Amino acid sequence: MAGIKALISLSFGGAIGLMFLMLGCALPVYDKYWPLFLLFFYILSPLPYCISRRVIDDTDSASNACKELAIFLTTGIVISAFGLPVVFARAEVIAWGACALVLTGNIVIFGTILGFFLVFGSNDDFSWQQ
């Protein structure tokens, strides 16, 4: 039952983060939809780590170059997702208030993605068929 509660809370966090992103785009004060490009970063951020988990063998307790490369690429994607709204705001493509809403959404979304990997990524006894 703990898996269901965690899944519901993670989906709630994702919905709140997307709400902040949409507010930064769709409020009549801002009315620019350029921050929606961050959806690509949300989709791309867990991919390197998921691919490396399938490739590497976890029996070795030493550090693995494939896993470290995946963490490096994920970090680059996350930092780019935080930098893009700031670049948009500096170039006056979006307003600074929209940038603040989008950055708040970034914090919530990436916290939700991290929470998903912490809850469901470490133990192998959880199955989606339960």
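This is a predicted model: local features need pLDDT of at least 70, side-chain atom pairs count only at pLDDT 80 or more; totals for chains, interfaces and linings use all residues.

**Entry 1: a cut-off, then Ser-52.** I call a residue buried when its relative accessible area is under 20%, exposed when it is over 50%, and partly exposed in between. Ser-52 has a relative accessible area of 2%, so I log this serine as buried. Ser-52 is part of helix α3. Leaving out residues up to four places away in sequence, I find Ser-52 touching Cys-66, Lys-67 and Ala-70.

**Entry 2: the fold as a whole.** I count 5 helices and 0 strands in the chain. Read from the N terminus, the order is α-α-α-α-α. The chain has 130 residues, and 30% of them count as buried. I also looked at contacts between residues at least 6 apart in sequence: 65% of these join residues at least 24 apart.

**Entry 3: cysteines.** How many disulfides does the whole structure hold? My search finds 0. Cys-66, one of the contacts of Ser-52, is at 28% relative accessibility and so counts as partly exposed.

**Entry 4: the nonpolar patch.** Which residues make the nonpolar surface patch? I list Trp-34, Phe-37, Phe-40, Ile-43, Leu-44, Leu-47, Ile-51 and Val-55, and together they cover about 820 Å². Helices α2 (38-44) and α3 (47-55) each supply at least two residues of this patch. Phe-37 sits in the loop between α1 (2-26) and α2. Its relative accessible area is 39%, so I put Phe-37 down as partly exposed.

**Entry 5: aromatic rings.** I find 7 aromatic pairs in the structure. One of them is Tyr-49 with Phe-117, an edge-to-face pair at 5.5 Å centre to centre, with 85° between the planes. This pair links distant parts of the chain, since Tyr-49 is in helix α3 and Phe-117 is in helix α5 (residues 96-120), 68 residues apart. Are the two partners buried or partly exposed? Tyr-49 is at 23% relative accessibility, so it counts as partly exposed. Phe-117 is at 17% and is therefore buried.

**Entry 6: one more ring group.** I also note a single aromatic cluster formed by Trp-34, Phe-37, Phe-40 and Phe-88.

Note on methods
Residues are numbered from 1 along each chain as its sequence is written. Side-chain values use heavy atoms; hydrogens and water are left out. Helices (H or I, at least four residues) and strands (E, at least two) are DSSP runs, numbered from the N terminus. Buried means under 20% relative accessible area, exposed over 50%, partly exposed in between (1.4 Å probe, protein chains only). Contact means heavy atoms within 4.5 Å. Patches are made of residues with over 30% relative accessible area and no salt bridge: like charges are joined within 9 Å, nonpolar side chains (Val, Leu, Ile, Met, Phe, Trp, Tyr) within 5 Å. Accessible areas come from the Shrake-Rupley method with a 1.4 Å probe; for residues, only the protein chains shown count as cover. A salt bridge is a side-chain nitrogen of Lys or Arg within 4 Å of a carboxyl oxygen of Asp or Glu. A disulfide is a pair of cysteine sulfur atoms within 2.5 Å. Rings of Phe, Tyr and Trp (its six-membered ring) pair if their centres lie within 6.5 Å; planes under 30 degrees apart count as stacked, over 60 as edge-to-face and the rest as tilted.
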